[in-house]
Amino acid sequence: VDGLQQAEKQDGYIIFTAGSGTYSFQVTGEPLHTPDIGKEEETGVVIDDDQATYTNEWVYETASNHNDRYGDGFHYIGWVSGEPTASATYTTTIEEDGEYDVFAWWGVHSNRATNTPYTIHCGNVTETIRKNQEINGGQWNLLGTYTAKAGDTISIVITNDADEYVIADAVRIAPHQDADDTFTPLQQLQL
């Protein structure tokens, strides 16, 4: 639906706003596919923060008020301007030749960095991507797609040269999937 703004299920009806109108329709029968909205299937290798290696003094946090964390907790560290003074490194070895999507997971808060650096090392490629950790928390966020050969190592390094607190939670390396191969229920809705 073009211009889809909001949708919800209410008393057996789907009610959604698109463009300037609000629409509803009744849902009957068995669904062909019932994905968990907001969750995507985890494929590939997930490396949580307890499997990373750290330089400097990162703080481990398990507070129950951080429900958008991955797993039991996450690490954080203060920021510096200029050269980084701390890093968290996640590493895995690729088993098959191919293209791989690299994702990061973090929890959001207003005191998080808006320019957290993620440096991806894959073969001869090194690329730094900066992400805003004040938004898009509690989900896998794509950092990039990289070509690797069997036996190659992919490393993701998070550093603290940022503008606020830097979060190191989880990363995921998964075989590349074209955007056309994935969907959410609302993308499939056609009137």
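Is F74 buried or exposed? F74 is buried, at a relative accessible area of 4%. The points below concern a predicted model.

1. **The ring cluster.** F74 belongs to a cluster in which ring pairs link it with Y76, W79 and Y165. Within this group, the planes of F74 and Y76 stand at 45° and the ring centres are 6.5 Å apart, so the pair counts as tilted.

2. **Aromatic pairs in general.** The count of aromatic pairs comes to eight. One of them is formed by Y54 and W58, a tilted arrangement with 5.5 Å from centre to centre and 55° between the planes. Y54 is partly exposed, its relative accessible area being 25%. W58 has 10% relative accessibility and therefore counts as buried, the cut-off being under 20%.

3. **A charge over a ring.** The ring of F103 has the charged end of R172 over it. The distance from that charged end to the ring centre is 4.3 Å.

4. **The open sheet.** Five strands make up an open sheet with antiparallel pairing, and their order is β5-β8-β13-β10-β11. β5 and β11 are the edge strands, each of them pairing on one side only. On average, neighbouring strands of this sheet are turned by 20° against each other, with direction ignored. As background, the strands of a sheet pair through backbone hydrogen bonds, in either a parallel or an antiparallel manner.

5. **The β10 and β13 pairing.** Strand β10 covers residues 116–122 and strand β13 covers residues 153–159. The two run antiparallel and are joined by five bridges.

6. **The salt bridge.** How many salt bridges does a search of the whole structure find? The search gives one. Its members are D161 and R130, whose side chains meet at 3.3 Å, N to O. D161 is in the loop between β13 and β14 (166–168) while R130 is in strand β11, so the contact ties together parts that are 31 residues apart in sequence. D161 counts as buried at 15% relative accessibility; R130, by contrast, is partly exposed, with a relative accessible area of 41%. In general terms, side chains of opposite charge can pair when their charged atoms come close.

7. **Positive phi at N56.** Most residues other than glycine have a negative phi. N56 is not a glycine, yet its phi is positive, at about 75°. Where does N56 lie? N56 is in the loop between β5 (53–55) and β6 (59–61). The residue is partly exposed, and its relative accessible area is 47%.

8. **Positive phi at N136.** N136, likewise a residue other than glycine, has a positive phi near 60°. Its position is the loop that runs between β11 (125–131) and β12 (141–148). N136 is partly exposed, with 43% as its relative accessible area.

Technical notes. Residues are numbered from 1 along each chain as its sequence is written. This is a predicted model: local features need pLDDT of at least 70, side-chain atom pairs count only at pLDDT 80 or more; totals for chains, interfaces and linings use all residues. Side-chain values use heavy atoms; hydrogens and water are left out. Helices (H or I, at least four residues) and strands (E, at least two) are DSSP runs, numbered from the N terminus. Buried means under 20% relative accessible area, exposed over 50%, partly exposed in between (1.4 Å probe, protein chains only). Rings of Phe, Tyr and Trp (its six-membered ring) pair if their centres lie within 6.5 Å; planes under 30 degrees apart count as stacked, over 60 as edge-to-face and the rest as tilted. A charge sits over a ring if NZ of Lys or CZ of Arg is within 6 Å of the ring centre and within 35 degrees of the ring normal. Two strands pair if DSSP finds at least two bridges between them. Axes are lines fitted to C-alpha atoms, for helices over the stretch in contact, and angles run from 0 to 180 degrees between N-to-C directions. A salt bridge is a side-chain nitrogen of Lys or Arg within 4 Å of a carboxyl oxygen of Asp or Glu.
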